[in-house]
Amino acid sequence: MSSNWQMCACAPGNDTRSAPPEGCEWLSIDELAPAAAALRALEQWSLKGPARRFDAQEWWYRLEFDAQGLKQGDRAILGFDGLATVAQVWLNGETLLGSTNMFLAHECDVSRQLREKDNSLVMRFSALDSQLEVRRKRPRWRTPMVAHQQLRWFRTTLLGRTSGWSPPAAVVGPWKPVWLEQSSDARIQDLHVEASVEGGQGIVNCRLEFAPGAGRLPQAIALRLERGGCVAVQRLDRAGDAAVFSGQLHIGDVDLWWPHTHGEPALYEARLEIRMADAPDAVVRLAPVGFRTIELDSTGGGFSLSVNGVPVFCRGACWTPLDAVTLRSSPDSCRAAVAQARAAGMNMLRVPGTTVYEEDHFYEACDEHGVMVWQDFMFASMDYPADDPAFAASVALEVRQQLQRLRSRACLAVLCGNSEVEQQAAMWGAPREQWSCALFDETLPQLCRKLAPGVPYWPSSAHGGAFPHQASTGTTSYYGVGAYLRPLDDARRAELKFATECLAFANVPAPSAIGRMPGGHATRAHHAAWKERSPRDLGAGWDFDDVRDHYVSELFRVNPAKLRAMDHDRYLALGRLATGEVMGASFAEWRRPGSTCRGALVLCLRDLWAGAGWGVVDDAGVPKACYHYLKRVLQPLAVLLSDEGVNGLFAHLVNENGEEVKVELELTAWRDGTVRVASGTKAMALPARGSLSLSCLDLLDHFMDLNYAYRFGPPPCDAIVATLRDARGEVLARAFHFPDGLATKAQADIGLSAQAVMLDERTAELTVHSVQFAQGVHIDIPGFLADDDYFHLPPDTPVRVLLRRQGDHPLAGFVHATNSIKSASL
């Protein structure tokens with residue numbers, strides 16, 4: 001029922017009417033979609049044009065349809081998977097349902113109302129602005145995130161309703177499918193597949209409940225699991241005369257599901273084999289089953305997750321919908337985005353309470369790629385009216401539906417009550433007793449324990465300590481390095497335990513994304529079109545461009561405002577590098593063996609629209625500079641460098657793999673771009689899922705003030721490179737340290753060169769070489785995406801980079817370095 005719909009908009013009116021006023025213009029839409037998405041498809045609106053307030057009007061949808069193949073005695077179910085937000089539905093003139101929760105799915109038995117021909121389905125979505133004007137109890141405290149505090153009464157997304165960081169495209173209308181199912185067989189009402197591990201044995205408890213009422217029940221049901229030729233089958237027994245089937249399946253020496261950083265995310269294909277009387281056997285595909293244990297340790301004010309008994313450093317990003325207008329994605333695009341996060345070394349994605357519950361294919365992709373999910377319930381920053389009976393009942397049903405859908409997913413690692421509700425109450429100045437709420441401290445954890453007992457629950461994304469956002473206790477939104485403009489060493493001084501979000505900057509995208517902004521490539525960072533898409537906190541006298549510029553100044557010792565006015569391209573280039581350098585340095589600090597941190601998630605993975613957003617990837621999926629910095633520092637096998645003051649420069653080697661790795665660490669120190677002033681190597685064995693820290697001077701036969709801590713004269717070197725190689729001499733990882741900071745002026749020519757060859761129709765290999773030390777090497781080849789970019793390159797050390805062709809562009813372009821005026825051409 002996705003096509004042949006009509007839609008119209010009108011001024012808010014009487015809530016009881018079942019038709020729009022006469023004279024409204026009905027628009028035919030090819031595919032059922034929310035109002036903004038439908039108008040976008042008709043080319044009557046876009047994010048590039050003037051902003052439109054979709055909450056100011058009411059929106060009507062209608063469909064005339066026939067119930068093809070309708071048989072006497074069939075049970076007909078009309079389903080609505082998501083209605084945003086205050087909705088009424090009529091079928092053939094009869095009221096079918098009313099909904100005030102966009103996160104609820106509805107199923108209506110329409111066996112009586114449905115006709116074989118000439119059915120009329122009408123949906124009305126009330127103007128949310130008018131609903132907000134209705135007098136209701138005021139909140140105990142306010143949040144600056146939203147303009148209207150009474151939004152707290154409505155179960156709807158904040159996306160599109162927070163002008164400081166999301167596009168003005170509030171989702172109004174049917175945002176998920178509307179469907180009709182006709183059958184004489186009984187319908188599955190509840191399915192619970194719970195996997196556990198005991199003594200190396202996998203156990204699956206399966207319970208299947210059919211909806212009461214008319215309908216034939218199966219004669220027999222079996223649960224079948226399969227992986228790599230190993231098959232296990234278990235018959236499900238019927239519980240007396242009840243419409244319930246259940247059983248327990250055992251698999252010996254089971255393959256465990258791991259985050260991809262720590263092992264293979266092993267999955268077993270699962271399905272139900274159903275035998276019906278006088279009908280062919282049916283097969284119902286279930287979500288793949290993964291066997292794993294996950295435990296949360298919060299003793300002593302910490303926060304640490306262990307998978308299969310192994311502590312895991314969780315790193316990744318906050319997830320946002322791939323399309324800010326529909327809040328949906330295709331399975332292929334979603335799988336590609338999750339794979340992109342995995343390629344960056346990320347092993348966790350957080351679905352924040354400011355967005356929406358994601359679709360099944362998102363969790364399926366995370367299962368497949370070994371990416372854990374931190375799942376917020378959809379509450380954020382507001383004082384919710386949990387004591388209102390109708391609100392509480394709607395929330396309870398919402399949570400039950402979501403847990404029944406998600407609880408069997410191997411990737412589901414944490415269930416979290418909300419995003420920053422406690423933090424917002426505390427920062428607003430509310431008394432301590434108002435920081436917590438029974439909804440998040442009692443109601444939700446009780447439901448989670450009952451419906452998803454194998455998944456840890458946590459009350460809020462910022463929780464624990466003398467105040468909720470205390471970095472050194474529990475979890476926090478960490479913006480010491482970032483919005484609060486703290487120096488880079490605050491990443492250590494804060495003694496961070498776990499950042500559910502962190503390191504937010506207005507990350508400058510590639511020129512291709514700037515070209516999609518209003519004004520195109522002519523847009524400058526001070527223009528209104530740029531600023532409209534730069535994230536900010538409402539009411540603040542600064543935005544996240546200012547945050548980025550602060551670190552440009554700190555790292556490169558330039559005046560960003562002056563540079564922006566005099567050399568805008570270099571201003572953008574240094575801005576790209578600055579946020580990458582800061583993110584890389586922070587994660588290197590948090591991953592070193594002596595760190596108290598057990599996880600950090602960047603805000604966020606992907607931009608909602610083209611611009612300098614929080615994402616490390618732009619809205620089209622093109623990585624920004626900071627993505628590549630993270631990719632190098634987040635890999636399971638990594639080398640990191642840290643300045644330990646008068647103790648010298650230290651190297652930290654991390655191996656999260658399940659096997660010991662024999663490696664060689666090489667240290668080289670360079671001066672004046674070409675002069676090697678020191679070098680040394682050390683062979684060692686990295687233990688399985690272990691780490692080592694050692695002074696870099698252990699690799700040299702003499703003392704050198706590598707980190708310029710003693711300052712007896714000028715720095716002995718400009719750059720230090722730590723290279724980790726395997727037993728065959730192949731480079732596994734590299735890390736860099738610049739004792740006196742990054743270069744501020746570009747030289748005329750550092751001897752940068754590049755050559756490329758096509759390996760096949762879609763892949764090329766680029767070789768980059770430099771006579772002198774090259775900083776911030778950027779590959780600028782239109783139509784190709786580089787597997788690595790924005791990297792530093794030691795002298796006479798060729799680097800090979802794979803290029804992925806995105807279209808039909810020729811293999812031509814440039815390679816730049818921030819410390820060189822002359823670029824290399826292809």
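This is a dialogue about how some terms are applied to one predicted model.

Colleague: What kind of model is this, and how are residues numbered?

Modeller: The model is predicted, so local features need pLDDT of at least 70 and side-chain atom pairs count only at pLDDT 80 or more, while totals for chains, interfaces and linings use all residues. Residues are numbered from 1 along each chain as its sequence is written, and side-chain values use heavy atoms, with hydrogens and water left out.

Colleague: Why is the pair of aspartate 323 and arginine 40 called a salt bridge?

Modeller: A salt bridge is a side-chain nitrogen of Lys or Arg within 4 Å of a carboxyl oxygen of Asp or Glu. In this pair the closest N and O atoms are 2.8 Å apart, so the term applies. A search of the whole structure finds 48 salt bridges.

Colleague: What parts does the pair of aspartate 323 and arginine 40 tie together?

Modeller: Aspartate 323 lies in the loop between strand 22 (314–318) and helix 3 (331–343), and arginine 40 in helix 1 (residues 35–41), so the pair ties together parts that are 283 residues apart in sequence. Helices (H or I, at least four residues) and strands (E, at least two) are DSSP runs, numbered from the N terminus.

Colleague: How do you know whether aspartate 323 is buried or exposed?

Modeller: Buried means under 20% relative accessible area, exposed over 50%, and partly exposed in between (1.4 Å probe, protein chains only). Aspartate 323 has 19% relative accessibility and therefore counts as buried. Arginine 40, at 33%, counts as partly exposed.

Colleague: What makes glutamate 226 and arginine 224 a salt bridge?

Modeller: Their side chains meet at 3.6 Å, N to O, and the limit is 4 Å. Glutamate 226 has a relative accessible area of 29%, so this residue is partly exposed.

Colleague: How do you know whether the salt bridge of glutamate 589 and arginine 592 has buried or exposed partners?

Modeller: The N to O distance in this salt bridge is 2.5 Å. Glutamate 589 counts as buried at 13% relative accessibility, and arginine 592 counts as buried at 13%.

Colleague: Which residues are linked in a network of salt bridges?

Modeller: The network links Lys531, Asp543, Asp545, Arg548 and Asp549. Lys531 and Asp545 are also among the residues that alanine 525 touches, not counting residues up to four places away in sequence. Others in that list include Trp530 and Tyr571. Contact means heavy atoms within 4.5 Å.

Colleague: Why is alanine 525 called buried?

Modeller: Its relative accessibility is 2%, so alanine 525 counts as buried. Alanine 525 lies in the loop between helix 9 (511–514) and helix 10 (528–532).

Colleague: Why is helix 14 described as largely enclosed?

Modeller: Eight of the nine residues of helix 14 are buried, so the rest of the structure largely encloses this helix. Among the buried residues are Tyr627, His628 and Lys631. Their cover includes helix 3, helix 13 (568–591), strand 29 and strand 30 (637–643).

Colleague: What makes helix 6 mostly covered?

Modeller: Helix 6 (residues 421–428) has six buried residues out of eight: Val421, Glu422, Gln423, Gln424, Ala425 and Ala426. What covers them includes helix 7 (438–451) and strand 27 (476–478). Glycine 429 follows helix 6, with a positive phi near 100°.

Colleague: How do you know which peptide bond at threonine 85 is cis?

Modeller: The bond joining alanine 84 and threonine 85 has omega of about 0° and is cis. Threonine 85 lies in the loop between strand 5 (83–84) and strand 6 (87–91). Another cis peptide bond joins leucine 603 and cysteine 604, again with omega about 0°. Cysteine 604 is in the loop between strand 29 (599–602) and helix 14 (625–633).
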